[in-house]
Amino acid sequence: MLDKPASALRIRERLLESERLMDETGCYDGITELKLRNQDPLKFETLHTKLRAYCVSAREMARRISASPGVREVGEMVVAIYTPEGDAIALSNGIMVHVHTMSRFIKWMIRNGYEENPQIRDGDIFANNDAFIGTVQVPDVMDVVPIFHSGKLVGWAGAVCHELEAGGITPGGDVALAQERFTEGLFVCAEKVGENDELRRDYVIRCERNLRMPIYWVLDEKAKVASCIDMRESVKALIDEIGLDYWMQVSKEFIEEGRRAQLARTRQLTVPGIYRGHTFYGHVTAGKPGYQPLGDPDWLYNMPIEMEITTDGKIVMDFEGTQPWGYHSMNCTPAGMDGGMFVTLTQHMNFEGLVNDGAWMATELKLPKGTWTNPDNEMVATATSWALLLPAYGVFQRLLSRSFIARGFVEEAFVGQVNSPMIEMGGTSQYGTPFGMAHFECAAAGSGALAIKDGLDTAYVGWNPESDMGNIEIWEQNMPMLYIGRSIVPNSGGAGKYRGGCSFLSTWLVSKTDHLRLVTSEHSSRVFDNGGLCGGYPAPTCQKHRAVRKSNIFELAENGAPLAHHTGTNPYRSELEVRLEGEHVTLEGPYITAPHKTGDVFTHSYNGGGGYGDVLERDPVKTAWDVENGFLTKEAAEGTFGIVLDEDEEGFPVANLDATKRHRAEMRARRLAHAKPVSEWIARERERVKAADFAPEVRKMYVSAIKLSPRFTKDFSTFWDVDAKSTFGVE
Amino acid sequence: MTSYSKEVIADLVAGTLPWPQTRRIMSAYKDDDRFFKYVSVLQDRVGWSDPILLPVGDHLFICQSGDERVTKCECGHSFGDYRKNWKLKAAIIVRDSEETLREIYPNSDLPDPDWMEIREFICPECGTLHEVEAAAPGYPIVHDFEPDLEGFYRDWLGKPLEPSNKGG
């Protein structure tokens, strides 16, 4: 390489200096006093709001450029403005998880000498979707452009879209079969993909040659570049107005203010102490086509989380005791874990919109090396890391909510997010062309209940607070399947005084194709990967897929006979089995099978949220309304909630309050009669533990946790009064 | 500074405040005097006089009981020293079979009882279901919350607790 003069920007030195100042002073970039805010608070706030407006407006404009229903319909995009060192100052709405992952990407380039080679110049465009550099998974492709003013690097503008097709071993973005990095799809590893505000032709050709549906990715790239340029020009015009020195100072003060605001918010809304919770995730691939025998085909992960809130307002989350990374697509990098933390804080503690990277700086994540949260092998796949991230941050939401309940802010307590399994597809489209797509209607699951009301039905996912399932007609334009049903799944929210939000189920008729690959990336039905709070139950486990191959649906339609529009409420015999003839399939996820053809029927169910409070306290009148509208079944109302419903003269359910009171008194008495003292249960269960009398996957989970975590080993040994290592044969 | 009447807080906690008003409270700056009003609302609700120091669940409170600090059910049943895991003194129902899980999930696919069970922690006196754990068989019972009670009252509320002979 030719010798080149050192960069005039010296941004790497600046980044190190900024970090040193933070270490020394405890304040962002050594900003110990918010001078500009104190001088003129109104100007300060106006500028911050202006930056936020630049972001929101740039994102809305860019969504109109995109061809992807994920971005146009569902809003799978976020944009943000950064300091020269890569810290977020302001951001738009949308998939806010990526605001901090982009920060990691910018810092990675700075740390790796990008100012010397490939150089950082005005008009450059850099892209990345490598989770070890800074994103969550391959389909989350980010673009950033530097902002120069008066020849000086004064910041960055960045944008992320979730791509609906990433060119992996299975079609779509969340690539189910990826067991190592090399099958996840098209990687763009912190590359300069454009100059002079234009994407390089060779980069676009690479995308066109390596993706099943390049129109989504390439037009999303253009949308992102347009939004970045829009933000860049807005920031430059602002600097013309307020002066460069003011900008350089105020942008840092915004972040330090964000950090202080987060600490203050924690002190205002929570109670200091140690909070604990856990969740689980089960994966089942034995006998499924395409999986390489690299590890155990079926496995169970535990995800224990300990959260400490210190009296200075810092939130520390510790994942010690969880499982090692594996040869599957659900590993996560620290960037993804940071992103999960950021988006959760944004929703629960920083809802006024002026949040930035300062909030993240007021927290700490402890991610044990070698676990799925922090793999010590950069070849691992992270294509579906949301499968573990969502349950984990659902626990975080419940831990935070317990602190809100303790403090009295019951209106903020929320049982949390759930997994929302995505359906992905590829093959030959209804137009006879090759295609691939992730179906993003999953962005509208049921939410957990609140401590004062039921959860949201079909209206929440953790990664994007602006939940949207998209219009049926738009999805039908993009895939060779027609909707024959999209319906609420009764009882899909967890039971409780306040029930979790319900999910929905789609029923499709495969149409005008002889080759449709349908894939779900994850989600067995073996365990609950969500939870309830304060006596509420978890929402049901992930539902199995039900399909009919070679169905007689066209014949039924021709004869005007009833079709199946959903799976119904009988778990042992679905409506498909009742109404349709053909080859019936009931399959636990992940769904990976031979291609479907015209005439096949396929169903996919999303997940509901966990419940809050004791079921026997649920309002009977509200429950009657739920039954009337299909959110609960009469069977569940009586059997689970203890609510007796009669019918009025028109056949609508009405609560029988007297009968309910009697029935609930019986249920409560039955509870007390069946319940045993915990001490008795522990004494009996200890014998089972001593014999390690568990399913192989459960035993293996304990072995792995014991090998990785002295704390888990100690806690397990103390609780059961056993030697955990010898019990499970760990050396 | 934002502030609400005790009646409004009582309705909010009971889930009976009309939604538009609840929504306004959610969107507004938070009321810094919430904690003691909240505790006062809960104190009116319970049928006993031990002062509530900290609510830790929907019907579960840390309170000052004589010279002890204990975790107490709304019915008055004491689970003992608040620093210990109250669940260990509770009653339990475990759902680890298709039959018992089906009672809660009548219309859905079920988890595999070999991989996962539901544990219900119940007040042995009044039968209130205080907490539900979904865990793998053999997983230790979780101690959900160990509050820094002294630090909270001293550093955040500015009202240090009287020293207690027992229970912290």
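I call two residues in contact if their C-beta atoms, placed from the backbone, lie within 7 Å. This is a predicted model, where local features need pLDDT of at least 70, side-chain atom pairs count only at pLDDT 80 or more, and totals for chains, interfaces and linings use all residues. Residues are numbered from 1 along each chain as its sequence is written, with chains lettered from A and ligands numbered from 1 in the order in which they are written.

**Entry: the interface.** I found 75 residues of chain A in contact with 62 residues of chain B. On the chain A side, strand β8 (residues 273-284) gives the largest share, 8 residues. Strands (E, at least two residues) and helices (H or I, at least four) are DSSP runs, numbered from the N terminus.

**Entry: strand to strand.** I then followed β8(A) across to strand β8 (residues 145-147) of chain B; the two pair in the antiparallel sense over 3 bridges. Pairing asks for at least two DSSP bridges between the strands. I noted A:Gly273 opposite B:Pro147 in β8(B).

**Entry: two helices.** At what angle do helix α1 (residues 11-25) and helix α5 (residues 97-111) of chain A pack? I read about 120°, with the axes 8 Å apart. Axes are lines fitted to C-alpha atoms, for helices over the stretch in contact, and angles run from 0 to 180 degrees between N-to-C directions. The contact is made by A:Ile11, A:Arg12 and A:Leu15 of α1(A) with A:Lys107, A:Ile110 and A:Arg111 of α5(A).
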